[in-house]
Amino acid sequence: MNEVIKAIKERRSIRKFKPDMPEKAELEQIIESGLYAASAKGKQSAIILAVTNKELRDRIAEENRRIGGFPEGFDPFYGAPAVLIVLAEKEWANRVYDGSLVMGNMMLAAHSLGLGSIWIHRAKQEFEEPEYRQLLKDLGVEGEWEGIGHCAVGYIDGDIPQAAERKPNRVFWAE
């Protein structure tokens, strides 16, 4: 089977990570894969905020937990030490589509490198908060951005979940 198709079929969302930080070279490969995602009109409207600083990662996790209404102590990133946050130009009509393709590429790349990943929502709400808009400015990011998603990445702690059965009657041919 083709390696890309194999990765697509085998990749799963991981909900338990080891605390060890992936190698920077691995994260760079994942990020580069995201940057090569297709984008509407080739605009490349999405950016990636790579969070490997534990204090910032934990602060974002707490904000995400609060927004999601989860109980205190819950880690919405499931212990993943690295969080790659995808944002896209707020006024671009295709921002969600473009950012989603970046997320998909990064999750597949992580899997191909033997790492786990999971897409976590609520980036939109986080980056509407003044604190996180300021974080972007502090990092030199100009303009208005909308959070698309968090790609939590790390070494898998446990077994990779089995794929759910694919639902029938989801393809309709018009030949």
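**View 1. Contacts of isoleucine 48 in the predicted model.** Leaving aside neighbours within four places in sequence, isoleucine 48 is in contact (heavy atoms within 4.5 Å) with Ile31, Leu35, Leu84, Ile85, Val86, Val102 and Met106. Isoleucine 48 lies in strand E1; helices (H or I, at least four residues) and strands (E, at least two) are DSSP runs, numbered from the N terminus. From C-alpha to C-alpha, isoleucine 48 and isoleucine 85 are 5.4 Å apart in space and 37 residues apart in sequence. This is a predicted model, in which local features need pLDDT of at least 70 and side-chain atom pairs count only at pLDDT 80 or more, while totals for chains, interfaces and linings use all residues. Residues are numbered from 1 along each chain as its sequence is written, and side-chain values use heavy atoms, with hydrogens and water left out.

**View 2. The open sheet E1-E2-E4-E3.** Four strands in this order form an open sheet with antiparallel pairing; two strands pair if DSSP finds at least two bridges between them. Strand E1 (46-51) and E3 stand at the edges with a single partner strand each, so one side of each is left without a neighbour in the sheet. From one strand to the next, the twist averages 25° (angles run from 0 to 180 degrees between N-to-C directions, and axes are lines fitted to C-alpha atoms, for helices over the stretch in contact).

**View 3. The pairing of E3 with E4, and helix H4 on the sheet.** E3 and strand E4 (residues 145-154) form an antiparallel pair over five bridges. Isoleucine 120 stands opposite histidine 150 in E4. H4 packs on the sheet and touches E1, strand E2 (82-89), E3 and E4. The direction of H4 makes about 10° with that of E4.

**View 4. Helix H2 against H4.** Helix H2 (residues 24-35) packs with H4 at an angle of about 145°, and their axes are 7 Å apart. Ile30, Ile31, Ser33 and Gly34 in H2 meet Val102, Asn105, Met106, Ala109 and Ala110 in H4. The residues of this contact divide into six nonpolar, three polar and no charged (nonpolar: Ala, Val, Leu, Ile, Met, Phe, Trp, Tyr, Cys and Pro; charged: Asp, Glu, Lys and Arg; polar: the others, Gly among them).
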